[in-house]
Amino acid sequence: MDSISLSSLSSLTTHQKSSLEKGGYKKLSDLLLSTSSDISRTTRIAPLEVTRILEAACREHAVPINKIKDLPMEGEEKFTSGDAELDSMLGGGIRTGMLWEVVGESAAGKTQLALQLSLFVQLPSRLGGVLGSAFYLTVASQLQTTRMEQILNTHPLLSPSLCSFANIQHTSVPTIDKLIFVLSKSLPQYISANNQNSSSRPLKLIVIDAIAELFHTSKRTTTQFLVERSRRLSEIGMLLHSLASKHQIAVLVLNEVSDTINRDTAPLDSGQIGYKDQFRWFGRADSILGEDRKEATLGLVWSNQLNVRIFLSRTGRRRYLEESEHSRKIQKSVSATSSNISAGDQQPVLIRRLTVVFSSVCDPASCDYVVTAQGISVIPGSAVLLTARPAVSTATPPGTTHDSMSPHGDFTQMQKAQLAPLDIGHIVDSTAIDSRYSTPDNEPGDDEWDAFWERNALPECVFEEAANLTESS
């Protein structure tokens, strides 16, 4: 109604239109968003006549009432993640018409999941896909086509005849304004043109990798900055939900984590829950000991925009998988990458943790997973429902240590509490592994800083010169 002019309304007389225009009312939206008393005061029209004008304008542009049975079903279309156990945890797969978030620390597997979903959305319905296409938006990184090609060529469900890079569009959105422009202008135009082309696949997946990078700043965090960030996040969330619901698109947003800091807060009135305790429920995972040391960034304002939050964690655990625990796809990857390793030299697999923190289509749950050449694979039998969450905590006395970091207590009991049931008796201390074969399971360069300094090590002469300068001074 923003574009409807009052002069175009046939239900109003010329005198009424003239009086309204003199009072500053030129559009229908201006009229409907004002109270009767304000309109009467500014236009000098009698209150009873103002009521008649409003009723006439509403009748002329009334939206017809539709029956619920005639409305299109939203969120019923879904496609596979590429892993049957993960699909079961997520309520049958990735549903369209929803805003999904995958949050986790670096090298937890966020981009891995986004890449494989960009491929699986293209599969036909008989294989769990929706014959759709994907639009991948990157903020500070490049689209990892090499890794995507590896997943395409190794996963048993995928093949170049079914999935193509031509069905994945990519653009960079380095600023907030650029992202908003793409979501409000470029994407709607692209979707409209794409729908008119019978040979093109409908857009069914939008990926943003990663939204928190848009709000990185070296400036001091002020109240004004947080208010502006909240406003922009709400605007972005509204645009994403509009695209998702109008065109039945699954929107996947990747997010980062920050360290959990427990601050002393002022006591609250009875029945009130503070920000810290609210975020324990909606911003953190807590399925195993130590998992709650990280929390999602961007606060509760962004959390309220989401339909589903999936938390990925690096546990630091490694274990030898039994034959019965190897799903067919994991077995194929291990045999292909470790054919030169004897059975006695089998290397432990790096275990990560996936937790559904909240969801509108499935129950909170958690599982262990590994990253292979074929993408993310859930360890069979590791999924558990999270039926209970920790109670709201009381304030921690100053100087006390967080329970999960406390050095006292029986180490065996603490170790068992930190491990999933399948890990007991199979755990391997990752610090004891000095060297290991490079396979997709152990992900060489998993410790990004060690890999960085190995590639950028300074020559010994630099340290010798620095020592000589120190001695001479």
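Where is the place of A210?

Author: A210 sits in the loop between β6 (203–209) and α9 (223–247). Helices (H or I, at least four residues) and strands (E, at least two) are DSSP runs, numbered from the N terminus. The peptide bond leading from D209 to A210 is cis, with omega near -5°. As background, most residues other than glycine have a negative phi, and most peptide bonds are trans.

Before we go on, a word on what you're looking at. This is a predicted model, where local features need pLDDT of at least 70 and side-chain atom pairs count only at pLDDT 80 or more, while totals for chains, interfaces and linings use all residues. Residues are numbered from 1 along each chain as its sequence is written, and side-chain values use heavy atoms, with hydrogens and water left out.

A107, in the loop between β3 (99–104) and α6, has a positive phi near 70° although it isn't glycine. A107 is partly exposed, with a relative accessible area of 25%. Here buried means under 20% relative accessible area, exposed over 50%, and partly exposed in between (1.4 Å probe, protein chains only). In the loop between α6 and β4 (133–138) you'll find L131, another non-glycine residue with a positive phi, near 50°. L131 has 42% relative accessibility, so it counts as partly exposed.

Now for helix α6 itself, which holds K110. K110 counts as buried because its relative accessibility is 13%. Setting aside neighbours within four places in sequence, K110 is in contact (heavy atoms within 4.5 Å) with V102, V103, G104, E105, L254, N255 and L312.

Next, the nonpolar cores. A nonpolar core is a set of buried Ala, Val, Leu, Ile, Met, Phe, Trp, Tyr and Cys residues joined through side-chain atoms within 4.5 Å. The largest has 45 residues, and L205, L252 and L354 have the most contacts inside it. Helix α6 (residues 110–120) gives the most to this core, with six residues. Not counting residues up to four places away in sequence, L252 touches W100, V102, A114, L117, L205, I206, V207 and I208. Apart from that core lies another one of 37 residues, including L187, L203, V253 and A296.

Finally, a look at the start of the chain. In helix α1 (residues 14–22), Q16, S19 and L20 are buried. Seen down the helix axis, they fall within an arc of 100°, so they line one face of α1; that arc is taken over the directions from the helix axis to the C-beta atoms. The face turned away from this buried side carries the exposed residues T14, E21 and K22. The buried residues of α1 pack against α2 (28–32), α3 and α4. Just after α1, G24 takes a positive phi of about 95°.

Among those partners, S36, I39 and S40 in α3 meet P47, V50 and L54 in α4.
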